[in-house]
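Hi,

Here is the structure I said I'd pass on.

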Amino acid sequence: MKKWWTIFFSVLVVHGLAQQQNLKLWYRQPAGAIWENALPIGNGRLGAMVYGNVSRETIQLNEHTLWSGSPNRNDNQMALDSLGVLRQLIFDGKYKEAESLANKVIITKKSHGQMFQPLGDLQLVFEGHEQYTDYYRELDIEKALARTTYTVNGINYRREAMASFTDRVIVVRLSADKKASISFTTFFKTQQPKALTTTTSNQELTIAGTTMDHETVKGLLKYKGIVRIKTEGGSIQRNDTSLTITNADAATIYISIATGFNNYQDISGDENKRAADDMTKAYVKPYNTMAASHIKFYQQYFNRVKLNLGNTDAAKLPTDERLKNFNQVNDPQLVTLYYQYGRYLLICSSQPGGQPANLQGIWNNKIRPPWDSKYTININAEMNYWPAEKTNLAELHEPFLKMVRELSETGKQTAREMYGARGWVAHHNTDIWRTNGAVDGALWGVWNAAGGWMSQHLWEHYLYSGDKKFLASAYPVLKAAAIFYVDFLVAHPKKNWLVINPDMSPENSPAGHQGASIDAGTTMTNQIVFDIFSATISAAGILQTDKAFADTLTALRKRLPPMQIGRHGQLQEWLDDLDDPKDKHRHISHLYGLFPSNQISPYRNPELYSAAKTTLVQRGDISTGWSMGWKVNWWARMLDGNHAYKLIQNQLTPVGTGEGGTYNNLFDAHPPFQIDGNFGCTSGITEMLMQSADGAVHILPALPDVWKEEGSISGLRAIGGFEIVNMEWKAGKLVSLIIRSKLGGNLRLRTPNEMKTESGIELKKAKGENSNPFFETNIITNPLISPEAIITKPDLKQTWLYDINTRKGELYKLITKE
């Protein structure tokens, strides 16, 4: 055994392991007291942050359903009686009066949302380990394992932690290269005010309690955590609140956590039995057996996508140093690591049957976290799931799709009681209790378009899978979201369009509104209503149902306001030309039509492309982390890879050097930490390499100069059931492409250079509209353009557009045409 450890540590000294295994975050120092230096592990139910501290290790613990409060509603039932007055104030331009009224009658007088909370910290105290050498810690995202190694008094110590997907527990393995060297004391620290920690006669450490009251809602959810330690040699002793292990050869710590949460209406589950059952099943298994099954389960997701952007000597440094250097050196492998880290975080924070990834995924150490660590559904929660379908993690979309279904149920009462409308509605925030009311204040909370936006994820899941059974189950949600807007749209008294009133462009207020954001018919909302009408019309046609209703939606869609290009050449954010070219607001909500929607296209409507580009330039690049993540996607849709890469550089900047950025553990910084920026950037990198929203599968649409030399990616999914089995490029030229067709039908392919089949057969040039119905693009009304606007038509690079008639299940291999 000594020989093995000698080899292991000699490799570490030259950082060989870190160089061999590129998909690792690694560091030369512990996290210390800084949570954002700790490394995240998770299995969709349980989350932990591993600090890697030597003499006093911290394992900070979360459970996906551990939230404050209990089942509740937060609708403001005064809204309906005041709706007519509120609408008239807005149409009359009395925005501050309208805002004041909305604060009284729209914004909730109950809970503004409950809090996602930590269980606590498991502390491990190692006496005599204050002085150490040869320190190293890593997060291996190819295996979902966190490791820490160090030397004390000539003894080499190793720790390994995982949140087991297959055994539903967190496991920490402690070992050394000398027998009888593992001695430590472990206990809980918690901020939970009603928690009780104790030890039991069978050598368990437990924590139990009931969650907090918050904002008029009583905390009624019960939770239980159990720690049990399996030693190899040595002894275990206990006092009232801690366990002490002495002179063991090795020790394995098993952690199970459960609550009584059954669903958003029912918290009658037995948290004690659940935690005990998970512990009993896991404890009998050897660590190596658990690790093998955990890794196998994890890799069935993670290994689907492989990305290679190249490697340089910059990758030899620890992750925190690479982050610090990124804007001064060429380190393409850090982009690969960050890309795959986004996929890792989604796998670890969103598993079928669990809760969706919230504002911090599944990781939070604060009893009162920023924004309650809940679901902000005017961008952030949707952004969390942008990578799900295209980076081949479709199953992980399920928790979010389930939340949409649940909100469609709770939102019916909100629509009826607040607005006198059928269908369902949600405002800009929700939580585990699936509340739909308006929160925070009129500046933020009046927005009521979340139902329309979130429902698009159901439609997107169908477009990628072609699963008609799924579509049939999702159709009532789509239809009900559309019905709300059918009832809630009103005629604008001057412009004669149908608009939503009250409305707002998320969290931004135009010049001339005296600081109020409230308005009618904002551009983003118009785009969302257009999309939910279009998706419902298409779904009804596919399912051969509701023709009369679909016809109604078609007629109403024609009466929605067109997009408008203002006097500064910008895409207008509001019905009136109110945009300030100096506005640097983090939300650029009116570019929803560019991404994630496909209403703005350089190929189909170049005037809107010009306006979108002007808006992006005016808003600037530097912003909050999540906003920069969205901008990567926008610039990719603008087909400008160099500018998209500039945004990646801005995002991969250490926090504190600008407005947003990245923490040492590669968590995205608003600041503070928000996980949406991680997911947004992973989506954006995908969009740079492949897009499928604009009527074709577009290969290398926004390849930046810095990646042109050579690269490859495999496993991406496109709309219509197409999968990129592998694609490679050299010198900016696509050299090989293998695509699998899972559904059959026409593959319209846009490439940066001429291609032919592997056998040398010429490809058919595309003509007319794409015959594949999955790629249908809805025709929008021509934009209204200010006579003062300067329109710059896009200077598009030449591409080649092909049609390939595919068969279900077959591969299609293409190579460059010399």
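A word on naming before anything else: helices (H or I, at least four residues) and strands (E, at least two) are DSSP runs, numbered from the N terminus. This is a predicted model, so local features need pLDDT of at least 70 and side-chain atom pairs count only at pLDDT 80 or more, while totals for chains, interfaces and linings use all residues. Residues are numbered from 1 along each chain as its sequence is written, and side-chain values use heavy atoms, with hydrogens and water left out.

Let me start with Leu-652, in the loop between α19 and β23 (661-662). Leu-652 counts as buried because its relative accessibility is 0%; the cut-offs are under 20% relative accessible area for buried, over 50% for exposed, and partly exposed in between, with a 1.4 Å probe and protein chains only. Which residues does Leu-652 touch, not counting those up to four places away in sequence? Taking contact as heavy atoms within 4.5 Å, they are Leu-323, Phe-326, Asn-327, Leu-334, Tyr-338 and Thr-662. Leu-323 sits 329 residues away along the chain from Leu-652, yet their C-alpha atoms are separated by 6.4 Å.

Axes here are lines fitted to C-alpha atoms, for helices over the stretch in contact, and angles run from 0 to 180 degrees between N-to-C directions. Under 35 degrees is called roughly parallel, over 145 roughly antiparallel, 65 to 115 roughly perpendicular, and the rest oblique. On the α18 side the contact is made by Gly-625, Met-628, Gly-629, Lys-631, Val-632, Trp-635 and Ala-636, and on the α19 side by His-643, Ala-644, Leu-647, Ile-648, Asn-650 and Gln-651. By class that gives seven nonpolar, five polar and one charged, where Ala, Val, Leu, Ile, Met, Phe, Trp, Tyr, Cys and Pro are nonpolar, Asp, Glu, Lys and Arg are charged, and the others, Gly among them, are polar.

Two loop residues belong with this pair. Leu-639, in the loop between α18 and α19, is buried, with a relative accessible area of 18%, and has a positive phi of about 65° although it is not a glycine. Leaving aside neighbours within four places in sequence, Ile-622 is in contact with Met-628, Lys-631, Asn-650 and Glu-659.

Next, α11 (residues 398-419) and α13 (residues 450-465): how do their axes cross? They come within 9 Å at roughly 130°, which means α11 is oblique to α13. Phe-400, Leu-401, Met-403, Val-404, Arg-405 and Leu-407 of α11 meet Met-454, Ser-455, His-457, Leu-458 and His-461 of α13. That contact has seven nonpolar, three polar and one charged residues.

In the loop between α10 (386-390) and α11 you'll find Asn-392, which is buried at 9% relative accessible area. Asn-392 touches Arg-304, Val-305, Arg-343, Pro-387, Gly-715, Arg-717 and Glu-723, again not counting residues up to four places away in sequence.

On to α4 (residues 95-105), where Tyr-95, Ala-98, Glu-99, Leu-101, Ala-102 and Val-105 are buried. They lie on the same side of α4 because they cover an arc of only 165° around the axis, the arc being that of the directions from the helix axis to the C-beta atoms. Their cover includes α3 (79-91) and α12 (442-445).

Most residues other than glycine have a negative phi, and most peptide bonds are trans. Asp-440, in the loop between β19 (429-430) and α12, has a positive phi of about 80° and is partly exposed at 38% relative accessible area. The peptide bond from Phe-595 to Pro-596 is cis, with omega near 10°, and a cis bond also joins His-670 and Pro-671, with omega about -15°.

Cheers
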